[in-house]
Amino acid sequence: MASEARGTFDFVVAANRLPVDRVTEADGTSRWQASPGGLVTAMDAVMQGQSAAWVGWAGDPGEDVAPFDRDGIRLHPIVLTADEVRGYYEGFSNETLWPLYHDVIVPPRYRRSWWASYQRVNTRFAEAIAKVAAPGATVWIHDYQLQLVPALLRALRSDLRIGWFNHIPFPPVELFGQLPWRRAVLRGLLGADFLGFQRSNDAANFTRACHQLLGTSSSGDTITWSGAEDGLIGAEPRRTRTATVPISIDFRSMDELARTPEVRRRAREIRASLGNPQTVLLGIDRLDYTKGIRHRLRAISELFGDGAIAAPEVTLLQIATPSRERVSAYQDLRSQVDGQVGRINGDHSGIGATAVHYLHHSYPKEEMAALFQAADVLLVTPLRDGMNLVAKEYVASRWDGGGALVLSEFTGAAQELSQAFLCNPHDIAGLKETILAAMREEPASARKRMLAMRRRVRSHDVHAWAQHYLSALEAAPQKPIRR
Ligand code: GDG
């Protein structure tokens, strides 16, 4: 392990979580295991060969872990007490910001003690970054859990180049304005040189909120603000550039994985276990109320009820990955989905003819790739989603040009994957028609759609995303020169 460093890292990533999970072995010992995910892959590619550090929570309350090195990257754990996990993470991040930023699908809860905890933890992140960053270093902060960090960090270290990326939507000011601490959040973000968003509407919503709530001015995509009032930024007007930088996936590795003989064999095995239906419909989501699982099940239930589809010829395989299980809205959602699936199967399944196969588990990447291969139609029906990587992973897995994608208009992905079967999940009649259209599409035109979507995701992969983001951050507040 390298000696404790202070201010030597030229590139620093800050995210709620470190890119590793603690796993406990049978003998009680524990070790760190890389957590899977696109962000980790993307950051890995840009961090390699640089002196780089990652600041984040290790995932267990109260755990004081010393900084350690992994694959040439310094991991700098942030300690959260059990109270802070409740206040900053489950409370303010997941029960206040998450629903507020996803169009108040469930009512956000505004609690002053959670806000105090959020401020405290954001300060701790800023102090940790200030400690590890080298003079003039580039700092890339991720997501809604860390919105105060840009300004807090700038107050400690004005020499740094600071960027923030929003993985989730940014709501219209009519909703954002509900937040009792709305001005403090905007001021926090304006500490950055560059703010990246998934969709142009998210960037526009942010700019409008700054204008209405802070009185900033903007020209093109640059916001100008004299932030002296909070004492954090100094008397000079600051300029922050905002832009749309939609995230993506590691196309090549997903494509390669899906082509392996093991995955192909497993895909055939999955179809055989389902009784080799004519049509396998698939849903894979975190069990989250933003993902539109209930609307999807409603449409499917009606399609079975109408006799438009029937088991065993058609079956839905719904994977719902366990998520935020301590938050009550997620517990409610689980009971509702359990109930809906039970009712559909009670009404529409037969012996050896299951209408909905519902699995509340998470699976390794290989199994995900096999599920994608086994599916004729993937149903991605969120009510609101920053991007939705599952849609892009499906496209990357279909090297055979097969499969069809039903995709909600309310995802960031819909802006790029215009050849998908786009739907409005609130319109159940429309959703039913779209599902049937995807099932009935002629193979030749389905293939054309899939190949067009593959070209898009291949050329706009996660590596292109990271490069694009970093060149924008480097040039901000100017636009980067396009090569
Ligand atoms: C947020 C934004 C934005 C899911 N189940 C399993 C599994 N997954 C993987 C998927 C995918 C990822 O988790 C989920 O990404 P999504 O984009 O679909 O959704 P969120 O978790 O809500 O992510 C979202 C994203 O950030 C990135 O900016 O796109 O809009 O909400 O990669 O494959 N992976 C494995 N087993 C599972 O069971 N291995």
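E367 touches R266 and I270, not counting residues up to four places away in sequence, where a contact means heavy atoms within 4.5 Å. The model here is a predicted one, in which local features need pLDDT of at least 70 and side-chain atom pairs count only at pLDDT 80 or more, while totals for chains, interfaces and linings use all residues. Residues are numbered from 1 along each chain as its sequence is written, and side-chain values use heavy atoms, with hydrogens and water left out.

E367 sits in helix α12; helices (H or I, at least four residues) and strands (E, at least two) are DSSP runs numbered from the N terminus. With a relative accessibility of 16%, E367 counts as buried. For that label the cut-offs are under 20% relative accessible area for buried, over 50% for exposed and partly exposed in between, using a 1.4 Å probe and protein chains only.

**Around the ligand**

Now for the ligand. Of the 19 residues around it, H167, Y363, D385, L389 and E393 come nearest; a residue is near a molecule or strand if one of its heavy atoms lies within 4 Å of it. The table lists polar contacts, meaning pairs of N or O atoms within 3.5 Å; within protein, one must be able to donate a hydrogen and the other to accept it, and residues adjacent in sequence count only if both atoms are side-chain atoms.

| Residue and its atom | Ligand atom and distance |
|---|---|
| Y363, polar backbone atom | nitrogen, 2.4 Å |
| D385, side-chain N or O atom | oxygen, 2.5 Å |
| E393, polar side-chain atom | oxygen, 2.5 Å |

Taken alone, the ligand exposes 730 Å², and the protein buries 84% of that; accessible areas come from the Shrake-Rupley method with a 1.4 Å probe, and for residues only the protein chains shown count as cover. Two or more residues of the shell come from each of α12 (365-374) and α13 (389-397), and α13 gives the most, with 3 residues. By type, the shell divides into 8 nonpolar, 6 polar and 5 charged residues. Here Ala, Val, Leu, Ile, Met, Phe, Trp, Tyr, Cys and Pro count as nonpolar, Asp, Glu, Lys and Arg as charged, and the others, Gly among them, as polar.

**Strand β12**

Why is β12 called largely enclosed by the rest of the structure? Because 5 of its 7 residues are buried. T242, found in this strand (residues 238-244), is buried at 4% relative accessible area. Beyond its neighbours within four places in sequence, T242 is in contact with F194, L195, F197, A203, F206, T207, D221 and I223.

Strand β9 (residues 194-197) pairs with β12 in the parallel sense over 4 bridges; pairing takes at least two bridges found by DSSP. In β12, A243 stands opposite G196. Strand β11 (residues 222-225) runs antiparallel to β12, and 4 bridges join them. R238 in β12 has W225 opposite.

Most residues other than glycine have a negative phi, and most peptide bonds are trans. A311 and P312 are joined by a cis bond, with omega near 10°, and P312 falls in the loop between α10 (293-306) and β14 (314-321). The bond from A476 to P477 is also cis, with omega about 5°.

N276 is not a glycine, yet has a positive phi of about 45°; N276 is exposed at 53% relative accessible area. R324, again no glycine, has a positive phi of about 40°, but R324 is buried at 19%.
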